[in-house]
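Here is a short report on one protein chain. Keep the structure open while you read.

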Amino acid sequence: MTVTVNGEARTLPSGATLDALLQHLGLEPKKMAIERNLEIVPKSLYGETVLDEGDRIEIVQFVGGG
């Protein structure tokens, strides 16, 4: 299936979850905020949120500093 991640088309296996997407991208879930189709997804639901064909995902990574 194809989903759009931060404006870029990505191909993932059917049934992939947000956790699987983060693993595929090599990202650490604790440092991310994810929006799926304009709705923020709580971190506690990343493992059970199954992606659908055409989903639009925005991932924001928190960066510390000062």
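Which residue is the bridge partner of Thr 4 in strand 5? The partner is Arg 56. Keep in mind that this is a predicted model.

Start with the big picture. Five strands form an open sheet, in the order 2-1-5-3-4. The pairing is mixed. Strand 2 and strand 4 are the edge strands, and each of them pairs on one side only. On average, neighbouring strands of this sheet are turned by 35 degrees against each other, direction ignored.

What holds such strands side by side? Strands of a sheet pair through backbone hydrogen bonds, either parallel or antiparallel.

## Strands 1 and 2

Strand 1 covers residues 2-5, and strand 2 covers residues 8-11. They run antiparallel and are joined by four bridges. Within this pair, Val 3 has Arg 10 as its bridge partner in strand 2.

The two strands form a hairpin with two residues between them. Asn 6 in this hairpin takes a positive phi near 50 degrees.

Strand 1 also pairs with strand 5. Here the strands run parallel, and two bridges join them. The bridge between Thr 4 and Arg 56 links strand 5 to this neighbour.

Strand 3 and strand 5 run antiparallel, joined by five bridges. Ala 33 has Val 60 as its bridge partner in strand 5.

Strand 3 also pairs with strand 4, in the antiparallel sense, over three bridges. Glu 35 stands opposite Ile 40 of strand 4. Strand 3 and strand 4 form a hairpin with two residues between the strands. In that hairpin, Asn 37 takes a positive phi near 50 degrees.

Helix 1 spans residues 18-25. It lies across strands 1, 2, 3, 4 and 5. Its direction is at about 60 degrees to strand 5.

Gly 54 sits in the loop between strand 4 (39-41) and strand 5 (56-61). Gly 54 counts as partly exposed because its relative accessibility is 45%. The C-alpha atoms of Gly 54 and Ala 9 are separated by 9.2 Å. Along the chain, these two residues are 45 residues apart.

Conventions:
Residues numbered from 1 in each chain as written. Predicted model: local features only at pLDDT ≥ 70, side-chain atom pairs only at ≥ 80, totals over all residues. Heavy atoms only, no water. Pairing = 2+ DSSP bridges. Buried < 20%, exposed > 50% of the residue type's maximum accessible area, 1.4 Å probe, protein only. Axes fitted to C-alpha atoms, helices over the stretch in contact; angles between N-to-C directions. Contact = heavy atoms within 4.5 Å.
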